[in-house]
Amino acid sequence: MADTASEASIITLQQYQTGTYDGYHDSFQLPIVAEERANYSDSIAIRLTDNSMSPRLTVGMQLRARPVPVSDWDYLNSTVVAVLYRSTLVVRRIKENDLLSRGYLTLYADSPDAGYVHVRREDLKSIWRAIEIISGEIE
């Protein structure tokens, strides 16, 4: 190995799982390059428990996600997000954002069998932008 090789580091992320939201579920340890530790400071891990985002994202995969500030919710579009609304945590794709005009967000599943859901602004509790797949097999 070269003398300039970066030192490895392990970080622990709080892990949540999709479905009925019951808070912090477990922890997930992720090896990273030590110099990049700051890039992970506000990240969480989300474990998928359904195939609504298949074929790309499947049951058992872990995603790293970062919180989206409430002030940015009105402008989210064409992105994969984890959304906590009412007492449900889902991973979906935003294709239509009508928060400014009609007061709701439309969340689409990638699987044609899972469809979409309209979520009213007052039901939204948190939104995280999916950053990367950190564990799981790609089919």
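Is Arg86 buried, exposed or partly exposed? Arg86 is partly exposed, with a relative accessible area of 45%. The legends below describe close-up views of a predicted model.

**View A. Arg86 in the loop between β6 and β7.** Arg86 is placed in the loop that lies between strands β6 and β7. Its phi is positive, about 50°, although Arg86 is not a glycine. Most residues other than glycine have a negative phi.

**View B. Ser78 in the loop between β5 and β6.** Ser78 is another non-glycine residue with a positive phi, here near 55°. Ser78 is found in the loop between β5 and β6, the latter strand covering residues 79–85. Its relative accessibility is 63%, so Ser78 counts as exposed.

**View C. A cis peptide bond from Ser54 to Pro55.** The bond that joins Ser54 to Pro55 is cis, and its omega is near 20°. Most peptide bonds are trans. Pro55 belongs to the loop between β4 (44–47) and β5 (62–67).

**View D. Strand β8 and its buried residues.** Strand β8 consists of residues 104–108, and five of the five are buried, so the strand is largely enclosed by the rest of the structure. Burial extends to both faces of β8.

**View E. Pairing of β8 with β7 and β9.** Strand β7 (residues 88–98) pairs with β8 in the antiparallel sense over five bridges. The pairing of β8 with strand β9 (residues 116–120) is likewise antiparallel and also has five bridges. Thr106 of β8 is the bridge partner of Glu96, and in β9 the bridge partner of Thr106 is His118. The hairpin of β7 and β8 has five residues between the strands, and within this hairpin Gly103 takes a positive phi near 85°.

**View F. The largest cavity and its lining.** Two cavities of 30 Å³ or more are counted in the model. The largest cavity holds about 40 Å³ of space. Its lining is made up of Thr18, Leu48, Asp50, Ser52, Met53, Val90, Val91 and Arg92.

Conventions: Residues numbered from 1 in each chain as written. Predicted model: local features only at pLDDT ≥ 70, side-chain atom pairs only at ≥ 80, totals over all residues. Heavy atoms only, no water. Buried < 20%, exposed > 50% of the residue type's maximum accessible area, 1.4 Å probe, protein only. Helix = DSSP H or I, 4+ residues; strand = E, 2+ residues; numbered from the N terminus. Pairing = 2+ DSSP bridges. 1 Å grid on protein atoms, 1.4 Å probe; cavity = no way out; pocket = protein on both sides within 12 Å on 5 of 7 lines; lining within 4 Å. Points joined across faces, edges and corners; volume = space filled by probe spheres on them.
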